[in-house]
Amino acid sequence: MTVSATPNSSRLDPALLDPEETMGRDELEALQLVRLQETLAYAYARVPLYKRKFDAAGVHPDDLRNLDDLAKFPFTTKEDLRAEYPFGMFAVPQSQVARIHASSGTTGRPTVVGYTQKDLATWASLVARSMRASGVRPGHKVHVAYGYGLFTGGLGAHYGAEALGTTVIPMSGGQTEKQIQLIQDFEPDVIMCTPTYLLTIMDAMTQRGLDPRKTSLKFAVCGAEPWTEEMRHELEVGMNLDACDIYGLSEVMGPGIAGESVETKDGCHIWEDHFRPEIIDPFNHSTVLGMGEPGELVFTSLTKEALPIIRYRTKDLTRLLPGTARPAMRRMGRITGRSDDMIILRGVNLFPSQIEEIALRIPVLSPHFQLELSRPEGKRMDELAIRIEPREGTTAEDRLAAAATLQEQIKIHIGSSAKIVVVEPGSLERSNGKLRRIYDLRPPK
């Protein structure tokens with residue numbers, strides 16, 4: 001769904017675009033083919049894992065003669081990166097690695113990624129391109145509220161903002177009261193953070209008696225978690241700004257793999273001069289799906305030096321669409337969820353984003369909710385409870401009716417039953433960065 005830009009929007013002068021953004025599709029695919037052939041040969045020669053995987057699959061870089069031939073090559077998974085921990089995926093000597101990032105490792109060994117100086121320059125330029133597409137201009141003040149450190153969000157946004165020619169305020173995540181104070185005092189034009197953390201800031205302002213619509217902020221560049229058009233509407237109306245998506249993941253680069261245009265707000269354009277996307281059937285991995293078909297997003301890097309990545313399975317579920325604001329660059333549909341975040345409840349697949357979409361269509365309900373999975377003693381089937389806050393000023397009767405409506409709409413649109421628990425406003429955990437939505441209370445298997 002396309003959302004009309006608010007009056008803050010300014011149309012981008014075509015002269016400001018990178019040359020690759022104005023290529024025709026044929027020219028872009030010719031560039032992709034050359035870079036893809038170089039990347040496969042480079043990875044095969046320099047990364048032992050890829051030589052083993054290619055040899056085991058009976059393929060060689062020379063077998064890639066057209067872009068469709070990429071489907072012959074094996075996938076890379078998060079498990080591969082963990083197995084090569086810490087530096088087994090690097091294609092350059094340690095002396096050429098300028099920076100290292102890593103995942104949190106909360107579910108096992110962290111995944112480690114490295115960058116050469118050229119990689120860092122490419123990354124910064126693509127974040128800058130994404131920000132520019134989202135309405136940010138040189139001279140703007142940019143408040144970065146993504147976390148800094150091993151997480152790629154903070155530093156990725158920071159160096160991209162500097163490359164664009166903005167003034168960076170490196171606040172990092174958390175300390176919401178200080179965030180609000182700096183927004184008031186420094187008067188930034190742009191904020192970069194997760195959508196749920198921007199919601200936290202907005203709510204905290206309201207609780208302090210401040211009007212979130214009267215800040216200096218004109219643009220929000222939000223990413224690092226799936227969010228819906230309903231959430232975009234919540235943020236834009238609540239803060240009087242334009243909110244655009246930015247997509248990335250550390251294993252492929254970090255933020256800036258794709259970015260959304262403020263003129264169209266119809267999904268992130270993938271910067272295909274640096275990344276070749278595919279959509280595969282998440283259940284039949286050998287099937288590459290066509291334009292518009294939903295499935296799992298797969299990426300191959302085309303220009304990375306320190307850590308080339310071949311057919312990386314992101315586990316993000318989306319679809320590819322024709323380009324609009326950047327006609328040659330394909331777009332990603334909204335991420336509907338991750339295959340590893342999918343809840344299977346009595347044979348029905350559901351994602352937190354589906355609950356968010358339905359709940360925000362009910363005026364009494366807020367965007368603050370949690371999903372609790374449980375299996376009561378003696379029962380064979382899992383149960384889902386949705387704990388959700390109402391908006392301030394609603395009556396007990398309104399809340400009861402809204403809970404019944406949410407329960408009914410989930411049954412109609414998702415096909416599953418859930419218990420709805422309307423809790424007091426302000427009682428659920430707020431985001432300090434990435435928000436945890438799912439709480440699994442089932443006994444260990």
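Let me start with a definition: I call a residue buried under 20% relative accessible area, exposed over 50%, and partly exposed in between, with a 1.4 Å probe and protein chains only. Keep in mind that this is a predicted model, where local features need pLDDT of at least 70, side-chain atom pairs count only at pLDDT 80 or more, and totals for chains, interfaces and linings use all residues. Residues are numbered from 1 along each chain as its sequence is written, and side-chain values use heavy atoms, with hydrogens and water left out.

Okay, salt bridges. The cut-off is a side-chain nitrogen of Lys or Arg within 4 Å of a carboxyl oxygen of Asp or Glu. Searching the whole structure on that basis turns up 36 of them.

Take Glu21 and Arg129, whose closest N and O atoms are 3.8 Å apart. Glu21 sits in the segment before α1 (25-46) and Arg129 in helix α4 (residues 117-133), so this pair ties together parts that are 108 residues apart in sequence.

Next, Arg437 with Glu356: here the closest N and O atoms are 3.2 Å apart. This pair also links distant parts of the chain, with Arg437 in the loop between β20 (419-422) and β21 (438-440) and Glu356 in helix α9, 81 residues apart. Both Arg437 and Glu356 are buried.

Then there's Asp382 with Arg375, at 2.7 Å between the closest N and O atoms. Asp382 is buried at 9% relative accessible area, whereas Arg375 is partly exposed at 38%. Elsewhere, salt bridges that share partners join Asp18, Glu20, Glu21, Arg129, Arg132, Asp273 and Arg326 into one network.

On to a helix. Just past the end of α8, Asn240 takes a positive phi of about 55°.

Now a sheet. Two strands pair if DSSP finds at least two bridges between them. Four strands make an open, antiparallel sheet in the order β10-β11-β12-β15. At its edges are β10 (275-280) and β15 (337-338), each with a single partner strand, so one side of each has no neighbour in the sheet. Strand β12 (residues 312-318) pairs with β15 over two bridges, in the antiparallel sense, and Leu317 stands opposite Gly337 in β15.

Last, the cysteines. How many disulfides are there, if we ask for a pair of cysteine sulfur atoms within 2.5 Å? The count comes to zero. For Cys193, the nearest cysteine sulfur is that of Cys222, 4.7 Å away, and Cys193 is buried, with a relative accessible area of 0%. Cys244 is in no disulfide either, its nearest cysteine sulfur being that of Cys268 at 8.4 Å. Cys244 counts as buried as well, at 0% relative accessibility.

Terms used:
Disulfide = S-S within 2.5 Å.
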